[in-house]
Amino acid sequence: MMYSSIPLAQSIVKHCEANGIKNIVLSPGSRNAPLIIGFSENPFFKCFSIVDERCAAFFALGIAQNLKEPVAVVCTSGSALLNYYPAIAEAFYSDIPLIVISADRPTYKIDVGDGQTIRQDNVFDRHIAYSANLKQDVSHAPERIGIYAPEWISGITVETAQSDIQNYNDDELNKAFNLANSSNSPVHINAPFEEPLYETKNQEEVSLVVIKGSDEILPEYDFKNIQEAWKKAKKKMILVGVNKPNEIDQNLLNMLAEDPSVIVFTETTSNLHHPNFFPSIDSIIAPIEKSGDKGSQFKKLQPEILLTFGGLIVSKKVKAFLRAFKPIKHWHVNEKKAFNTFFALSDHYKLPINHFLSRLLPKSGKTKSLYFDYWNTVKLNYQSKRKEYLKNISFSDLKAFDILLRYIPDNYQLQLANSSTVRYVQLFNINRSLEVFCNRGTSGIDGSTSTAIGASVYNKTPTVLITGDLSFFYDSNGLWNNYIKNSFRIVLINNSGGGIFRILPGNKKGPEFENYFETAHNLNAKGLCEMNGLEYCLAADEATLEKEFKEFYEVSDRPKLIEINTPRLKNDKILMDYFNFIS
């Protein structure tokens, strides 16, 4: 096995191995050659090569999301590093541990007109758990140190200076890795290397001290008072945002579902299911917004206690409702953070949700109330009307989603793009065997394809990505890699522009709207599929779509994409009429 001749590169590789970080996503470069050599030569690591750094970071995020463990991304110096930022921000807000490792030029070559140099230290400071700005070795290329930075070794031997640098770097690396693991957050490790960069050795030269962080002790809370408050309240609302599949004990969920004083609002991304849950929040709230007595209806829905857990909420309607009709108490359960989304946060319980519910529910019992019964009747009514409406509408986004969701096979991993895609899916009941993911940390459209492909790499069952046209074309470089499984499927809804802007309030007439908001276009995915080796099919009506889906998920020797063309100028009216109809 070969090792880089640069001690710092050896240290970084050894720290990754000591922390069990097996998956390394590399982007090509010269300054990061010492790291590429170290990772690719070591059989402990599984290395992936992805040219586009933005795609590489989202690809790594997908692996980390799926495996629930840190994944490293490695790039060269300069603007390459900045392309990681969208995925880093997503990881920061979604609590996903990315290990971001950037090679850098020596500090004495920054801001002197040298090529491919920027100020890389602390560049992600606002969206990173820790920035480890490592020191350059003085034992490597000491003659250059003597020319450019003689003060580094002035009055001491190179050996003594190198020992101090090694100790400093070890300390910084330990801090970074421990924080990534303990906080499930991204960290940035910046490593300056002097040339020569490609020299190797047959043996390692560094020994390091790895210090693992200790397990945190769970805080204690007065559960007797919590239980009493819970039992006393006759209107309790559970609202769950992004939540990992199979994370919550089903027995605890059943207790919530069977309490007549509780309604459980779930989102598609919550991965929670029960016949008594309310999975289409907007279908409850939109009719109230349109009713003549919406004030009294919202008062009926207004909870005394709002209990939230999981990540960010998709539904704008439920956020607007709870901000206007605040709960008396808002409890959020999360070991790390609590967003005051509804400006009513009263208590933050820093506990695992299973631990909290197991302490709360068994001793609280059920509270007599008509809260669930009333709103469950409302739910059953809109579900009946939804079926009726879907039977009679023309081909559109809403009709396409109704069809495509019915054809996804059991036990698939379902990856959703943002914008209108995730919002349309929210209107339907999802097959409970599906594991659903979406980049809701920052809710951007920029890396959904790359994330889905990364998440599929180790997933035991196949993955399907549902995406819109702008999301897909924006991340088209996400297809530029060698890791797309033959079982991977993409369902592309192409409504020739940013369809969500037709749903949002505002003037939708004139060239300004079409050019600068909707960004109308005539693109299709056929050429991209041919270039990247995907099987392609097209549907623009209900009959064709049903026909194509009957074969779409069959075993194939290539990944597949189906492009569904829907009418740009009709989709928004059909959706708005849906809410009118169920009202």
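Q: Going by relative accessible area, is Tyr374 buried, exposed or partly exposed?
A: Buried means under 20% relative accessible area, exposed means over 50%, and partly exposed is what falls in between. In this predicted model, Tyr374 has a relative accessible area of 33%.

Q: How many aromatic pairs turn up, and which geometry do Trp331 and Phe356 show?
A: The count comes to 31 aromatic pairs. Trp331 and Phe356 form one of them, with 6.5 Å from centre to centre and 80° between the planes. Planes over 60 degrees apart count as edge-to-face, so this pair is edge-to-face.

Q: How many residues apart in sequence are the parts that Trp331 and Phe356 tie together?
A: Trp331 belongs to strand S12, while Phe356 is part of helix H12 (residues 353-364). Both residues are buried. Since they sit in those two elements, the pair ties together parts that are 25 residues apart in sequence.

Q: Which residues form one aromatic cluster with Trp331 and Phe356?
A: Here the picture goes past a single pair. Along with Trp331 and Phe356, the cluster takes in Tyr221, Phe223, Trp230 and Tyr349.

Q: What separates Glu172 from Lys175 in helix H6?
A: The two form a salt bridge, with their closest N and O atoms 3.7 Å apart. Glu172 is buried at 7% relative accessible area, whereas Lys175 is partly exposed at 37%. Because they are three residues apart in helix H6 (residues 158-183), the separation is about one helical turn.

Q: Which helices do Lys317 and Glu289 tie together?
A: Their side chains meet in a salt bridge at 2.8 Å, N to O. Lys317 is partly exposed at 23%, and so is Glu289 at 32%. The pair ties together parts 28 residues apart in sequence, because Lys317 lies in helix H11 and Glu289 in helix H9.

Q: Is Glu335 buried or exposed?
A: Glu335 sits in the loop between strand S12 (329-333) and strand S13 (345-349). On the surface, a patch of negative charge gathers Glu335 with Asp215, Glu216 and Glu247. Its relative accessible area is 53%, and anything over 50% counts as exposed, so Glu335 is exposed.

Terms used:
Residues numbered from 1 in each chain as written. Predicted model: local features only at pLDDT ≥ 70, side-chain atom pairs only at ≥ 80, totals over all residues. Heavy atoms only, no water. Patch = residues over 30% accessible without salt bridge, like charges linked within 9 Å, V, L, I, M, F, W, Y side chains within 5 Å. Areas by Shrake-Rupley, 256 points an atom, 1.4 Å probe, with all protein chains shown as cover. Salt bridge = Lys/Arg side-chain N within 4 Å of Asp/Glu carboxyl O. Lys, Arg positive; Asp, Glu negative; His and termini not counted. Charge placed at Lys NZ, Arg CZ, Asp CG, Glu CD. Helix = DSSP H or I, 4+ residues; strand = E, 2+ residues; numbered from the N terminus. Buried < 20%, exposed > 50% of the residue type's maximum accessible area, 1.4 Å probe, protein only. Phe/Tyr/Trp six-rings, centres within 6.5 Å; stacked < 30°, edge-to-face > 60°.
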